[in-house]
Amino acid sequence: MNKLRINLGSAKVYFKDVTYVTLLSILFISIIFQFSFREILLFSFLLLIVDFLLLYRLGASKRTELEQLKTILNSIRKNEYISPDEIKLGRNLYEIEGAIKAMFLRTQNDIINLKKLEQVRTEFLGNVSHELRTPIFAIQGYLETLLNGAISDERVNRGFLEKAARHTENLNNLLNDLIDISMIESGQMRMSFRYFNIKEYLTELVEEFRPFAEEKGLELKVGSIKNNLQVFGDKKKLRQVLVNLLSNALKYTEEGGVEVLVEEEENKTARIIVKDTGFGLSEEDQLRIFERFYRVDKDRSRAVGGTGLGLAIVKHIIEAHESKISVKSVLGKGSEFSFALKK
C-alpha cells in the first residue's frame with residue numbers, strides 16, 4: 001500500500017495531462033460512436049482504470065530515475081567515482097547524464113586546481129621563510145659578534161657593519177618585491193599607459209648601467225633605433241622590467257657584452273630585446289625561469305644577489321601590457337629576453 005501511495009505521489013506531475021487526454025478521449029469516442037449515457041459511464045470507468053495503471057507505471061518509472069540521480073549525486077559527493085564513464089543513467093535521462101558528467105569533470109578539475117594552489121601556497125611560504133631567514137640570521141650574527149666585543153676591534157667592526165647593512169638592503173629589496181607581486185596578483189597594480197619615445201627611454205636607462213658594465217669589462221650598447229619611434233606602455237612599470245633584465249644580463253655575463261635592441265614588427269608592434277653573451281640557460285631552466293623564487297644556479301644566484309622574484313614580476317607586468325615575455329638561450333653562448341609593445 002505504501003509503495004502504491006509513493007508511486008502515485010511521484011506521478012502527480014502527469015495527473016493534469018492524463019486527465020485532459022482522458023476527457024478529450026471520452027468526448028471524442030462518445031460523439032463518433034454515439035454512446036448512450038450508460039455506455040459513456042462504462043467507457044469512462046474503463047479509462048479511469050487505464051489512467052490509474054498508467055499513472056502508477058509513470059510514477060514508478062519516475063521514482064526509479066530519481067533514485068538513480070540521488071545515488072549518483074551522493075556518490076559524486078563522496079568522491080566514489082574515478083572516471084565520468086562510471087556515471088550511467090537510463091535511456092530517458094541521456095541529456096541529464098551528459099550534464100552530470102560535465103559537472104563531474106569540472107568538479108574534478110576544480111579539486112585538482114585547488115590542490116595545485118595549495119601546493120604552490122605551501123612552496124611559496126617555504127621559499128619566503130627561507131629567503132627571509134638568510135639575511136636576518138646574517139644580520140643577527142654580525143650584530144651579536146659586535147656586541148660581544150668586536151665593536152672595539154677596528155680591524156673588523158666597520159666590515160661587519162657594512163655586511164650587516166648589505167643584508168639589510170637585501171631584506172628590504174625582498175620585502176618590496178613581495179609587496180609588488182602581492183599587489184600584481186591581487187589585481188591592485190595600477191597602470192598608467194601612454195606613448196613615449198623608446199630610443200630616448202632606453203638610452204637613458206642604459207647609461208645608468210654603464211659604470212657597472214665598465215667595472216666588469218663588458219660592452220653595453222643600444223642598437224640602432226628610429227629617432228621618432230613611439231611605443232605604448234607604462235614607463236614606470238617597464239623601467240622595473242628593463243632594470244631587472246639588464247641587471248640579470250650584466251650579472252650573469254663575464255665576457256663579451258649586453259645589447260638592447262628594438263625591432264619593428266609588421267603587426268604594429270615593436271619588440272624590445274635584451275641580449276647578452278653570458279652563461280645561458282638550459283631548456284628546463286627556460287621553462288621555469290619565470291616562476292617565483294626559481295633559481296638556475298642557487299649558489300651563483302645568491303653570490304650575485306637578487307630576490308628570486310624579479311622575473312616573476314617581469315612576467316606579470318608584461319602580461320598587463322597584453323604581451324608576453326619570451327626567452328631564447330643556449331648554454332655557454334648567452335640569452336635573449338624580449339617582449340612586444342604597441343607602437
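**View 1. Helices α5 and α10 cross in a left-handed sense.** A crossing is called left-handed if the near helix is turned anticlockwise from the far one by less than a right angle, and right-handed if clockwise. Welcome to this predicted model, in which local features need pLDDT of at least 70, side-chain atom pairs count only at pLDDT 80 or more, and totals for chains, interfaces and linings use all residues. Residues are numbered from 1 along each chain as its sequence is written, and side-chain values use heavy atoms, leaving out hydrogens and water. Helix α5 spans residues 157-185 and helix α10 residues 310-320; they pack at about 30 degrees, with axes 10 Å apart. This makes α5 roughly parallel to α10 (angles under 35 degrees count as roughly parallel). Axes are lines fitted to C-alpha atoms, for helices over the stretch in contact, and angles run from 0 to 180 degrees between N-to-C directions.

**View 2. Here are the residues where α5 and α10 meet.** From α5 come Asp 177, Asp 180, Ile 181, Ile 184 and Glu 185, and from α10 come Ala 312, Ile 313, His 316 and Ile 317. Contact means heavy atoms within 4.5 Å. Five of the contact residues are nonpolar, one is polar and three are charged. Ala, Val, Leu, Ile, Met, Phe, Trp, Tyr, Cys and Pro count as nonpolar, Asp, Glu, Lys and Arg as charged, and the others, Gly among them, as polar.

**View 3. Helices α6 and α7 make a right-handed crossing.** Helix α6 (residues 198-215) packs with α7 at an angle of about 30 degrees, their axes 11 Å apart. Among the α6 residues that meet α7 are Leu 202, Phe 209 and Phe 212, while the α7 side includes Leu 238, Arg 239 and Leu 246. The contact has 11 nonpolar, one polar and four charged residues.

**View 4. Thr 253 sits in the loop between α7 (235-251) and β4 (257-264).** Thr 253 is buried, with a relative accessible area of 0% (buried means under 20%, exposed over 50%, and partly exposed in between, with a 1.4 Å probe and protein chains only). A polar atom of the Thr 253 side chain lies 2.5 Å from the backbone oxygen of Ala 249. Not counting residues up to four places away in sequence, Thr 253 touches Lys 216, Leu 218, Val 258, Asp 276, Thr 277 and Gly 278.

**View 5. Stepping back, the protein has 10 helices and seven strands.** Helices (H or I, at least four residues) and strands (E, at least two) are DSSP runs, numbered from the N terminus. Of the 343 residues, 35% are buried.

Terms used:
Angles under 35 degrees count as roughly parallel, over 145 as roughly antiparallel, 65 to 115 as roughly perpendicular and the rest as oblique. A polar contact is a pair of N or O atoms within 3.5 Å; within protein, one must be able to donate a hydrogen and the other to accept it, and residues adjacent in sequence count only if both atoms are side-chain atoms.
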